[in-house]
Amino acid sequence: MRFDAVSIFPEMFRALTGHGVTRRAFDSGLARLHLWNPRDFTDDPHRAVDDKPYGGGPGMVMSAPPLAAAIRRARADRADGAPVVLLSPQGERLDDAMVRRTAQGEGVIFLCGRYHGVDQRVIEAEVDSEWSLGDYVLSGGELAAMAVMDAVLRHLPGVVGNADSVSADSFAGGLLDHPHYTRPEDFAGRRAPAVLLGGDHEQVRRWRLEQAQERTRRLRPDLWNIHQTKTKTSE
């Protein structure tokens, strides 16, 4: 899988490529990351990629020419029709289903916005989708792009050491994950549940399912309602 990122801070992506299971993905060749700095596509002698907004107002806006040029270079370099995704507070809220669909494709070209936003004409001409991590604003799209890539890479065979751990993650079955415990058996007067220590795998499975259901019902009633609807439909 190949990812591309259009970013004025390409060095930030070392956090993704240099650590943990994502580093394993890139080091092993299961994934590739190509970085495109819009500053390399501007004629401005100071390599500026932003300007004051038309109509006035606070902040600066990322300029259309260098962003569009960087995106087009990324498209031409891979020539596989990968979608261009802008990380944006106005975008569609990312969820597990979107992550899984992305993991089935060839990759994504991410446009990482900065400042007060991106010239709308770039979005209209070059962007296929806008994605959001949630109803809040980050200083730039780099962290959001890395979060998406991390989530997607976990679904590639060979990235996570035990593939079963991915299938047991929160959201995988429509529920949040169950609680986890490890040694010591007693920590500050709090004991690990006895059912987990008894060796009866069927009892452990039932306990974990009950805990996942209770946790989802309590913490995410929206997910619980969806899960209940799907369960009734399949009956």
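User: Among contacts between residues at least 6 apart in sequence, what percentage join residues at least 24 apart?

Analyst: The share is 76%, where contact means heavy atoms within 4.5 Å. The model is predicted, so local features need pLDDT of at least 70 and side-chain atom pairs pLDDT 80 or more, whereas totals for chains, interfaces and linings use all residues. Residues are numbered from 1 along each chain as its sequence is written, and side-chain values use heavy atoms, without hydrogens and water.

User: Why is helix 8 called oblique to helix 9?

Analyst: The axes of helix 8 (residues 201-219) and helix 9 (residues 221-234) cross at roughly 125 degrees and come within 5 Å. Axes are lines fitted to C-alpha atoms, for helices over the stretch in contact, with angles from 0 to 180 degrees between N-to-C directions. Angles under 35 degrees count as roughly parallel, over 145 as roughly antiparallel, 65 to 115 as roughly perpendicular and the rest as oblique. Helix 8 is therefore oblique to helix 9.

User: What makes a set of residues a nonpolar core?

Analyst: Its members are buried (under 20% relative accessible area, 1.4 Å probe, protein chains only) Ala, Val, Leu, Ile, Met, Phe, Trp, Tyr and Cys residues joined through side-chain atoms within 4.5 Å. The largest such core has 28 residues, and Phe 13 is one of those touching the most other members. Helix 6 gives the most to this core, with seven residues.

How values were computed
Helix = DSSP H or I, 4+ residues; strand = E, 2+ residues; numbered from the N terminus. Buried < 20%, exposed > 50% of the residue type's maximum accessible area, 1.4 Å probe, protein only.
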